[in-house]
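Let's take a walk through a protein model and see what holds its parts together. Have the 3D view open as you read.

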Amino acid sequence: MASPSRCVFPFIFMLFLVGCSSRSLYPLPNRRHNGNRQPLQTFRPYNIAHRGSNGEIPEETTAAYKRAIEEGTDFIETDILASKDGVLISFHDVYLDDTTDIAEHEEFINRKRTYEVQGSNFTGYFVVDFTLKELKSLRVKQRYPFRDQQYNGKFSIITFEEFISIALDADRIVGIYPEMKNPVFINQRVKWPDGKKFEDKFVEILKKYRYRGSYMSKEWLKQPAFIQSFAPTSLLYISNQTDLPKILLIDDVNMPTQDTNQSYWEITSDKYLDFIKEYIVGIGPWKDTLVTASDNYLRKPTDLVARAHARNLQVHPYTFRNENQFLHFNFSQDPYKEFDYWINEIGVDGLFTDFTGSLHQFQEWTSPLSTGERDANKLLDKIVFMISKFKTK
Amino acid sequence: MASLSIVVPFIFLLLVNWCFARPLYPLPSRRNDRNRRPLQTFRPYNVAHRGSNGEIPEESAASYMKAIEEGADFIEADILATKDGVLICSHDVNLDDTTDIHDHKEFADRKRTYEVQAVNITGYFSVDFTLEELKSLRLKQRYPFRDQQYNGMYSIITFEEFISIALDAPRVVGIYPEIKNPVFINQRVKWPGGKKYEDKFVETLKKYGYRGSYMSKEWLKQPAFIQSFAPTSLIYISNQTNIPKVFLIDDVNIPTQDTNQSYQEITSDKYLDFIKEYVVGIGPWKDNLVPVSGNYLETPSDLVARAHVRNLQVHPYTFRNENQFLHFNFSEDPYKEYDYWINKVGVDGLFTDFAGSLHQFQEWTNPLSSGEEDAHKLLDRIASMISKFKHA
C-alpha cells in the first residue's frame, strides 16, 4: 500500500487545486467571435445613452443599459456614487426617494435624514446611509410619470462593476461613460481604508477591468471610456492615475462648482479653458447654455462651442429627450429636427440622450455606418468584372 | 359721322375685351406650371390634417402653406357653413376653442346651446355668424402645449380660399375636404333654389375644375378626396361627381350622425360590400384599427385586411408627435409610429398634424427619386463603358 497511495492522494489533491483555480483554455462558446466584434464608430458624433435607455426603462438598471446597447448606442453612461460600506454603485441622485420604492420599506423608516448637498438642504433617504445589501433589497422605478411605468418594482440598483460587465459582455464594442458624481458629498460621508477616497476607488475599478489608454489609442479603442465630472479637482486628482480621456461637465449658469466654488462664467472663460485643456479632452455643458432660448425658441448660439473647438476640446451637451415639453418650438415637436440642428448646425461631438434608439435611427438615416460604401464597392467590383470580359478580347 | 358709329362700338368692344378677357399669356409666376412636379402615388399619402397645425393655428392660410412647404401630398380641411351660406374651413361647429370670440364684446349675445350629434354644446356657433363677422375674428392654437406665438394673426378662410392655396402651390398638391356635420348644417342654414349643403360643396369643387375618378388624368392634375362621417352625404353626391370619396369612421361608441348606425354595423363585411360601390377607402380612428391597453398597442383588428381585400384604401387619423399621443411601443418617437403604421399595418395614407415629420420619415425610408436617378445614371455609364470595348 505504500507507494501507490502516497502518490495518489497528493495527485488527487493537485487535480482538485487545478480544477478549482485554472481558467479554461478555450473561450466560452458565446465568446468565440470576440476577436471580430464590431468596433466603436468614430466618424460621427457619439451616441451616449444617458443613464441607459431611461426613456423606456427605469434609469441605470441592467435592463436600461442592455436596451441601449440593443438600440445601437456608442457609450452607456452612468453616475457613480457609494454605499455606506464603500461599494461604488450606479445611481444618479444622492437620495433614493425619486427613483426607488424606499418609501414602501418600513424597515428603513428611521433612516430619513437632512443633508446639505451643493449648498441646498435635502431631506430623504440617502444612499450613503445604506449598505449595498440593503440597497439591493430596494426596487427601482421610472422617474418621470409620463414615461412607461410597467417596469417599476422589477429591477434593482447595480454596482459599478456590474455596469462594466454589461459593457464588456456586449456583442460589439460598447464604451462606458461613468461620472464621479458628488465627490465632495461622498468623501464627507464615506470612508475607505488606507486613506483612499472616492476618486481612488473609482479609478481602481476601471483599472481592475483593464480600462486604460489615451483617447483613440489602441487600448482605448478596445475598451473605450470617458470619465466625466462636475468637479474639476477630482479630474485633476486622477489625471496622473489614468490617461483615460476626461470630460469636464458644466452646470447651469447659476451653479458654482461644488469643489472650487467657481462660477459658470469663470470656468467657461478663455483663461480657464486654456488651463483645463491640459487635463481633459472635452466639456459637457447643459445644452440650454450653449444656445440661448427665449419663449421656448432657440435664438443665437453662444461662442462656447467655437472656443472649445479652437482648443481641440470636444463638446458633449446634455440632455436630449424626445418629449415635446423638452423640445423648443423651432423643432416642430420633432426630436429628429433637434438632433439635426445640434449635429449639423452647431456641430457637437457627442450627445447625451435619454432616447439612444431615436438618435441612432437619425444617424443611420443621415450618415450611415456602412451601406453606401459597401454597395459602392460591390458595384465597382461588378463593373470591373463586366469590363474585363471585353478587355481580354 | 359714319366713322364715329364705327369707332364708338369699337372702343366699347375694346373696353369689354379688357374687362373680361383673360390674358393670352400665363402670369410670370405660372410659366412653369406645365412642368409642375406631379403628385407622388407610390407611397402612402401624407395628408396634412388641418394644415401644419402642430406649428400654426389650424385651418389658417399660413398653416396650409406651411404644410405645402413641408412636403404634404394633400391639405385637409373641414367644411362648414356661415349664416349667409358661405362654405368655410373650420373644424368645430363652435368658435370657442380656436378663435378669440370671447374677446369680441359685440357678439356676446350670440351664445347658444345646440344639440350636435346628440350632445348639447353651449357656445358661439359659426352658423349664427355671417362671413363678414367671422372674418373679424382671429384664430388661435387649440392646444396649450403647442406654439402660441401666432395667436391673433390669422382669420378663418373660405372653402374657395383653401382651394386657391392648393392650386397656387409650386407643385401638384391635392385637397382633402370634409363634408362636416351635414345634418347640423342643413338644419340651420338654408340655400336658395332648394339646394343643400352637399350641393354647394360639390358646386364649389366643380367651379375650380375638380373632377375625375381616382387616378384618372383629370384627377392627377387636381387630386382630391371627399371625406365624411355621414354615409348618406357621400351617397347623395355620388352621381354629382366621380371624385374619389372616403368614408370616415368614428370611435366605437359613436353612431353615424345621419343613419344612426353603430360602429359594428358600418365595419361589418356586409356594410363594406355595400359602401365600396361609393367610396375608394375608409378613414378610421387609429386606435380602433389596433386596440390599445395600458398605453400599449395590442394585436391589430382585421379591419385593415377586410378593407384591403375589397380594394378599399385605409387612411387612419390622427398622427401627432407629442408623447402624450404616442403609445409606449414607440419609445416616445413619432418616427417609430410612422414606421409601424406604414410598414407593419400597411396603411395607404395618414392624417397627421405634423406633415413635415411624416415627409422626413418617408424621404429617409422611401425617397421620391434620388436612388432611382442615381441608378439610371450609373447604368448609363456602365453601358457606355462596355460598349467602348464591345466594338473593339
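Which side chain meets that of Glu337(B) in a salt bridge? It's Lys286(B), with N and O 2.9 Å apart. Glu337(B) sits in helix 13 (residues 334-345) of chain B and Lys286(B) in helix 11 (residues 286-289) of chain B, so the pair ties together parts that are 51 residues apart in sequence. Keep in mind that this is a predicted model.

Why can such pairs form at all? Side chains of opposite charge can pair when their charged atoms come close. Over all chains, the count comes to 46 salt bridges. Here are three of them:

| Pair | N to O distance | Burial |
|---|---|---|
| Arg51(A) and Glu59(A) | 3.2 Å | both buried |

The percentages are relative accessible areas, and a residue counts as buried when its value is under 20%.

Some salt bridges share partners. In chain A they join Asp270(A), Asp274(A), Lys277(A), Glu278(A), Asp303(A), Arg307(A) and Arg311(A) into one network.

Now for where the chains meet. The contact takes 31 residues from chain A and 29 residues from chain B. Together the two chains bury about 2,500 Å², with 62% of it on carbon and sulfur atoms. How many salt bridges are there between chain A and chain B? The count is zero.

Next, look inside chain A. Strand 14 (residues 350-353) has Gly350(A) and Phe352(A) pointing one way, Leu351(A) and Thr353(A) pointing the other way, and all of these are buried. Strand 14 of chain A runs parallel to strand 1 (residues 46-49) of chain A, and four bridges join them. One of the bridge partners is Thr353(A), which pairs with Ala49(A).

Helix 6 (residues 198-208) of chain A is also tucked away: eight of its eleven residues are buried, so it is largely enclosed by the rest of the structure. Among the buried ones are Phe198(A), Asp200(A) and Leu206(A). After helix 6 of chain A comes Arg210(A), with a positive phi near 65 degrees.

Finally, chain B has a nonpolar patch on its surface, with about 770 Å² of accessible area together. Its members include Phe10(B), Trp18(B) and Leu4(B). Leu4(B) lies in helix 1 (residues 2-20) of chain B and is partly exposed, at 40% relative accessible area.

Notes:
Residues numbered from 1 in each chain as written. Chains lettered and ligands numbered in written order. Predicted model: local features only at pLDDT ≥ 70, side-chain atom pairs only at ≥ 80, totals over all residues. Heavy atoms only, no water. Patch = residues over 30% accessible without salt bridge, like charges linked within 9 Å, V, L, I, M, F, W, Y side chains within 5 Å. Areas by Shrake-Rupley, 256 points an atom, 1.4 Å probe, with all protein chains shown as cover. Salt bridge = Lys/Arg side-chain N within 4 Å of Asp/Glu carboxyl O. Helix = DSSP H or I, 4+ residues; strand = E, 2+ residues; numbered from the N terminus. Buried < 20%, exposed > 50% of the residue type's maximum accessible area, 1.4 Å probe, protein only. Pairing = 2+ DSSP bridges. Contact = heavy atoms within 4.5 Å. Buried area = accessible area lost by both parts, 1.4 Å probe.
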